[in-house]
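Try each task before reading its solution.

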Amino acid sequence: MFKLFILLFTFTTLLFSANPKAYATLGNKIYDNVDNIKKLTTIGDYYLYVDEINSYLLKVNAAKQLGFSLDENSAPKVRKKYLLTLRKLSKDNDYYTRMAQTSLETSIENGDSLLFSKIINSGLIDTKVNKKRILDYYFTHANDINSSGVIQSYLDQDEALKRKHDAMQRKRLSKKMREEQKIKRLREQDKARQTALEKRLDRAVQKKKREIRKEQKEELLKSI
């Protein structure tokens, strides 16, 4: 059983560590993008497409196995079948890539920072073409977005952007500290008011008790 597991693990690793050589120009685009498309299944907005995407992943896996089985002696019929399969999968690949781009547009339009962050880091977005839009959105919604991933790569490559980011972070931290100090002052003021109120109530209660005792004493003296 252990040897079988090792064999299967080795085969799987080999299967996804390289791509078939036949029709590589077409196949590489599909195989190199399959992990990115798989990431869509972890995004809540794509829950209706999970089964469809998983079915696509299985088809890519089967196509890759077929591609590895080909060599110069393979029958033309088999090679044609593989080529037609790649063409179909290529259309599906382009479909998911366009879908991701649409999600980017939607996230920016709706201010959906969670979707925005996941989509730009999915590997399905052309980060060079969309760089300005991504950075514009980030600097507008920086409080809602972690800069790790694509955005951090922009910052690492551009010193001016890094300075802008650092200045924004300092400003945000300063604002946060001011807000925390304000909250602390308000809490201290509330506590002081509460303490003062409790003292006033206590004095009023003690005064009332003294008045009652005085009245009781006067009534007692009258009855003697």
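The exercises below concern a predicted model, and each is followed by a worked solution.

**Exercise 1. Describe the secondary structure of the protein chain and how much of the chain is buried.**

Solution. Start with the elements: the protein chain has nine helices and zero strands. Read from the N terminus, the order is therefore α-α-α-α-α-α-α-α-α. Next, turn to burial: 27% of the 224 residues count as buried. The accessible surface comes to about 16,200 Å², and carbon and sulfur atoms account for 56% of that area. Finally, look at contacts between residues at least 6 apart in sequence: 68% of these join residues at least 24 apart.

**Exercise 2. Find the partner of Lys-29 in a salt bridge, and say which helices the pair links.**

Solution. Apply the cut-off first: a side-chain nitrogen of Lys or Arg must lie within 4 Å of a carboxyl oxygen of Asp or Glu. Lys-29 meets this with Asp-94, where the closest N and O atoms are 3.5 Å apart. Now place the two residues: Lys-29 is in helix α2 (residues 24-31) and Asp-94 in helix α5 (residues 76-110), so this pair links distant parts of the chain, 65 residues apart.

**Exercise 3. Compare the places in the chain of two salt bridges, Arg-133 with Glu-105 and Lys-132 with Asp-136.**

Solution. Take Arg-133 and Glu-105 to begin with; their closest N and O atoms are 2.9 Å apart. Because Arg-133 lies in helix α7 (residues 131-140) and Glu-105 in helix α5, the pair ties together parts 28 residues apart in sequence. Arg-133 is partly exposed at 33%, and Glu-105 is partly exposed at 32%.

Then take Lys-132 and Asp-136, whose salt bridge spans 2.8 Å from N to O. Both residues lie in helix α7, four residues apart, which is about one turn of the helix. Lys-132 is exposed, with a relative accessible area of 61%, whereas Asp-136 is partly exposed at 40%.

To finish, count the salt bridges in the model: the total is four.

**Exercise 4. Which residues form a negative surface patch?**

Solution. Recall the requirement: patch residues have over 30% relative accessible area and no salt bridge. The negative patch consists of Glu-211, Glu-215, Glu-218 and Glu-219. To place one of them, Glu-215 belongs to helix α9 (residues 159-223).

Key:
Residues are numbered from 1 along each chain as its sequence is written. This is a predicted model: local features need pLDDT of at least 70, side-chain atom pairs count only at pLDDT 80 or more; totals for chains, interfaces and linings use all residues. Side-chain values use heavy atoms; hydrogens and water are left out. Patches are made of residues with over 30% relative accessible area and no salt bridge: like charges are joined within 9 Å, nonpolar side chains (Val, Leu, Ile, Met, Phe, Trp, Tyr) within 5 Å. Accessible areas come from the Shrake-Rupley method with a 1.4 Å probe; for residues, only the protein chains shown count as cover. Lys and Arg count as positive and Asp and Glu as negative; His and the chain ends are not counted. The place of a charge is taken as NZ of Lys, CZ of Arg, CG of Asp or CD of Glu. Buried means under 20% relative accessible area, exposed over 50%, partly exposed in between (1.4 Å probe, protein chains only). Contact means heavy atoms within 4.5 Å.
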